[in-house]
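Dear colleague,

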Amino acid sequence: MAGAARRVDYLAAFRCPAGGLAAGRPRVLGVGAEVFLATGGELVYVYDREARRPSAAYAFPGQVWHVELLVPRRALCVLCARSGLFCVPLAARSRSVSRAEDDSKDSELSPSVTPVGRDACVLPDATLCAFTLLDNMLVTVAQGPATWKMQLWEQPWAGLEPRPGTQIGEVAFPASAPPAGGPGEPPATCFLPVLCCVSPPDPRASRSPLGSPGSFLLHGALFGLLFGADATLLGSPVVLCGFPDGQLCCVVLKTLVTSRTAPGDPRTLVRLLHHLEEPVVLIGALRMEPQPQEGMHSHADCLVALGHHGRVLAIKAGRDQAGNPVPELQESRLPGPVLCAAWGRDSRIYHGTPSDLCVVDLAPGVVSTDPMKPSLPPLLCPASLRVCGVTALSVSPGAPEEDTELLALSAKGRLLACSLALDPTVACPARMEAALASRKIQDLLSAISNVSERVSSLKKAVDQRNQALTRLHEALDVSCALLSHQRGPRPIVCSTSTAWSCRGLHEELTATCRLQNRSGYSLGPGWTWCLQVLASSHACQLDAAAASTTYTVPVQQLAPGAQREVTLSLGSSEDAGANLPTTISCALSCSLREVMGGARLPPDLLPTQEGTCLPLGVHTVDLLQCLRFPGLATPNTQAARRAVSPADPVDTFLRACQEQRSEPGGSAALRAKYLPPSVASVRVSAELLRAALEAVHAGVPLCCATLQWLLANNATVDVVRAQALTSVQGVAPDGADVRLTIHEVTVPDLGPTGPIQAVEIQVESTSLANVGQAHHAVICRMQTLVEQAAQGSRPPDLRVQRLRQIHADHEVLLREVQALRERLPLEDEASARATAKQLLEVYRQLRSPSLVLL
Amino acid sequence: MSQAPLDSAPRSSHLDLWREQSDQLVRQAKQVTRNSDALRTQQQLAQDALHGLRELLHRLRGLPATVSLLPLELTVMCNLITLKVSHTQGFSEDQAQDIHQGLKRVLEASERLEPRLDYGLRELWDSVLRCSSLLPELLPALHHLAGLQAALWLSTDHLGDLVWLLQMLNGSQSEASEDLLLLLKSWSPPPEGLDAPVSLQDARGLRDVLLTAYALRQGLQELTIGSLPRALSSLQEAACGLCSRPVLVQVYTALGACLRKMGSPQRALLYLAEALKGGSIWGPPLLEASRLYRQLGDTAAELESLGLLVEALCVPQSSEAPQLLIEVELLLPTPGPDSPLRCGTQSQAKHLLASRCLQTGRAKAAAEHYLDLLALLLNGWEPRLSAPPGPPGPCMPEVFLETAAALIQAKRAQDALTVCEELLARTSSLLPKMPWMWEEARNGAQQPIQCPLWVSATYLLQGQAWVQLRAPKEAVSEFSRCLELLFRATAEDKEQGAASSCEQRCRTDVVLQRLRLAALISRGQEWVASGQDTRALQDFLLSVQVCPGDQDASFHLLQTLRRLGRRDEATALWCRLEAQTQLPQGDTPRSLPLYLETCLSWIRPPDRDTLLEEFRTSL
């Protein structure tokens, strides 16, 4: 169909039931200039194509499942859900046209609705699911309690008035799986059995081919093979029935009997031809091989069944090696799901999927391959007709020279007529009149705009997909790079520094995180930089859960070599101090949905997983990083401290006391007297420190180097380095003074050979909390130092006995602490105060540096 | 039982209302039975009644089960089941479900024991009947339900359950007899109270129907397995029971068949005559009568009754007004192929008549009947009449062949040729191109195997027709075609199919052999007629090889040998033949298709005995 030209006309729009047309069972049927259509509700419309308007509408008592036209009687046969079969004589067409001219314009789309009552019901049977009309008979399929049941009726409309038909045959399908849903209820699925009638060619050719669209004349050889010699000799029509469970059964009509005196055996009456394993949507017969002679009536030589998911079964007559005639079954696939389908001329099948209306020609697949053993390709490639959302389809039977016309009902209730020229060169006459030419040009222009619209939309979709693919590729690259550099330097780094900044009256501690992309790939949309700030809880609330905050920063675009900074507030001066040490975890997360989001992919292609998360590192902000040194630092921080830091209430109090009592020595003396500063110290072996710090701080005295190392992340480190300080006095975030003093000591009684040179780091502050935090920070640094030193170096010689003693002393102290802490909450206020005091004392002893880090 | 304060005035007034509604619906359904004007309105009315009863039952089941409510609920349910079964003409799983639910409601009301979920129908009945002595108000309704249960079990062949249920109902469980007939007779459902809700078919009515149905069923079964005296007594029991006219016709027909088999044809005839007087169903008694006359050897009467049968089947069975009751017919199994109640369709009867005519030598009548049959089958559009002869009878191609044979027999060779051409036109597409083998056919259809047989038989008949038309050239060419096709067959016994297919193949083998024989002899006769004795000799020699023991072939050979003056060979053959004729005829002729039998009868040498005599004297 490569050269197929097509023209689509929108004829009319009809009311669409809730859930769209696809939810019901829409039907469309074109007969001459009239189109009969059901949109899945209770109405059946008659559309007049000459008047270009609906001419009538019939309202049935139930949802309409199937519509057929009884041509000779001009009557409409309608199957209603849970009601039965109705037969409605149609009004003469001429009358409806004249009425159309009389009627006013506003009623154009709402013709008078004729209600159809129960008296038009010719077969009141709630279980009827499908029917088809045959010469003068009616075949129905009803849902029995456990199986499907086929019944054959005398024409119920033989007389002038439709009357109940006399049943002349019945058979239950024996092997059928029980239909879904209970008895009397419609099948749970939206699929109904599909019927098709095939007849053998009459050698005497007395009977004309059946007029009904669901009837086919089948080639003698195939017919005899499939249905047996009896059916062939009897010339009996055979009804093929495709069920929602995929069974394809056949019943030879002339063998059906109901009489009790001659009951038929279902096993001999019904034969299972095949199991399609998916709901059968359409059954029919096609002419596959080229016509032997022009003008000769051709019979179909291939039986085809089409499943909902696109499975195509073709049955042809063939011969095995021994020359015996055997049926050849071939399976193939169409892209599904198939919503509706119809037979075209010769070997074409038109079928509608949710996204397209396609036509496929089965014959080339058969002819092109080996002519001795023709077979269908495993996957058929249909040609698109570029109409989407078709839910019902009907092909108008035309002469072979004419264009094929399809009537389609779109999912939104629009009736379309799509005419297909077989061959554009044939369809286009050599010379045309002016009027015709202008019409043709108009058509062409509209077709061009239609096509260009489609092209641009397709192009856009392709671009989007390409972009998504590129982004996906980059994301994969980045992930690979990050994951493969677990040990070495990472290609994407996140570093953190802290600073104090002023916001209004308050100062706050901020952490500046910097994401540096040192890899060769750029990070695009879909990447998110996640920063989790985890504050450690207060010292006095050891068991409380730590509070954490997560910041996500979308990385819009980070080219190779670029960097991005984010400044986070770690809290104002009061609460920031309490939250120390604070941990900041950095990670990069990539959302696959967002990476591919731009492309409008079908939902089943979208990734089910959310994405990936790649950790970048963890940073700890401790007290040492937050200390400010008004005595050293640049003037502005000093000023800031003065301006911002509120007066220490203790100082205020002491000053007041001093004024009252006029004691000498000032507040500092008072403080020293009443509130001796807390002290904690750590001793580290000088050898260890020297070894560790030599690389960075070579040539600097050990104490200075140690201090510089401790304050490495602090903004003041440069000043400390410049002045070669060994002791600094800083201000903690809460305003209390913190003093760090480093000096060398000798530890006399630990080494076996003599005293050990050590460096003592002393932390001193009036605030116990600050001492704790600073001590913790120092210990943490020491820990990393010791861990580094522990690799490879031999353990120093020590006097083990002394060590043991120190250890035992500490054990005693720890036990005491535990006992005191357990006692604390049980006691009354007075004794609690005493206990607290005692506890403090023990803590102080614990902090006294009797051990040396070696 | 809590005759609780719940059952106070408003409740009972509701109950009255519902009872009124139920009675109304039942009366409406009964009305349907009486009026038989328009079938459609009846269907509609029946549907409406069904719908109404279903709604009502639904409403009643929404209430807690109490003793005052249950009689109405059970009656509504029984009426609903009766109506449904008669409407759909059969029991289904639904009815068992309904009964199950009803019994559970009774147990709920009795507050005795919580019905277990996994209780089957039998266990439920056991519990219900055990506690029913405490609920005398419920007994009539329970017996009604039990009647329906019995009908269900009878129709589904659960006779053990049925015996048990009746023993429970009769209350004589310990030393009761196992005889269902006796049990049914001794079951007396308690009479319903005057104020009981109206039922469509009460327990007593059901019992009578069950009694007749069981007796008839039993009689038919015993007739099939051949225990004739017991069948006779059962059927007589059924005849004594309450039955409608159609059922009576069936009973009398079965009695006729039984007596015929027992060897008392006169009594059988009396019953059959009674059956024919009985009513509207003439098919089965007429068929039975034809069998009887055949047994008596009265061919004229046999053919007459078959003719009547064909006419009787032509008349559509008068569809009487549907009885919205459970009737005897519903409880009978579908008649098997050898049941006396089965008479087939018109075309089947017609075929029987035609083939009997052919077999009894009435060739002209046979030909006419066969032509009628073909017309009926090919042009008739009502399957009710024109369904082809089923699997026990011949298949369609064989009917064609029989027709051609009958036409030749009736000296209508030209017509026979037409029929043969028709058959060839329709089956030639199924003919294999290459040598064909006796291979098991797939898909259960044996047609690919049989097809060459039919086609070669058609050639054979065509040849015979040409013989009759004195066209030896055509005849010989047809016989040659036939032989060519027949000798292409190669017996292939590589796979052993099922027993039936093996039997089928055996028969096919015999048919193939006889067809070859017939074709060879026919051609040989033609050679003889045209004076080409050597060629004839070849064919006759071959025919003796094909069928070594066949006398016809030997006679033809003998004659030819004699004519050719080959005395020694002829004498040797004659000696063999003499020895064969001395022996008792051990080889009983197997059942061959009728067309082949007819064909073989044509090639039988007419003067066998005189030939033998002549030979003997000449020696």
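In this predicted model, helix H9 (residues 203–225) of chain B and helix H10 (residues 228–240) of chain B pack at an angle of about 155 degrees with their axes 8 Å apart, and H9(B) and H10(B) are therefore roughly antiparallel to each other (angles over 145 degrees count as such). Axes here are lines fitted to C-alpha atoms over the stretch in contact, and angles run from 0 to 180 degrees between N-to-C directions; helices are DSSP runs of H or I of at least four residues, numbered from the N terminus. H9(B) passes H10(B) in a left-handed crossing, that is, the near helix is turned anticlockwise from the far one by less than a right angle. The residues of H9(B) that meet H10(B) include B:Thr212, B:Leu216 and B:Glu222, and among their partners in H10(B) are B:Arg230, B:Ser234 and B:Leu235 (contact requires C-beta atoms, placed from the backbone, within 7 Å).

H10(B) also packs against helix H11 (residues 245–262) of chain B, at an angle of about 155 degrees and with axes 10 Å apart, which makes H10(B) roughly antiparallel to H11(B). This crossing of H10(B) and H11(B) is left-handed, and its contact residues include B:Leu228 and B:Leu232 of H10(B) and B:Val251, B:Cys258 and B:Lys261 of H11(B).

Residues are numbered from 1 along each chain as its sequence is written, and chains are lettered from A and ligands numbered from 1 in the order in which they are written. Local features need pLDDT of at least 70 and side-chain atom pairs count only at pLDDT 80 or more, whereas totals for chains, interfaces and linings use all residues.

Best wishes

Notes. Helices (H or I, at least four residues) and strands (E, at least two) are DSSP runs, numbered from the N terminus. Angles under 35 degrees count as roughly parallel, over 145 as roughly antiparallel, 65 to 115 as roughly perpendicular and the rest as oblique. Two residues are in contact if their C-beta atoms, placed from the backbone, lie within 7 Å.
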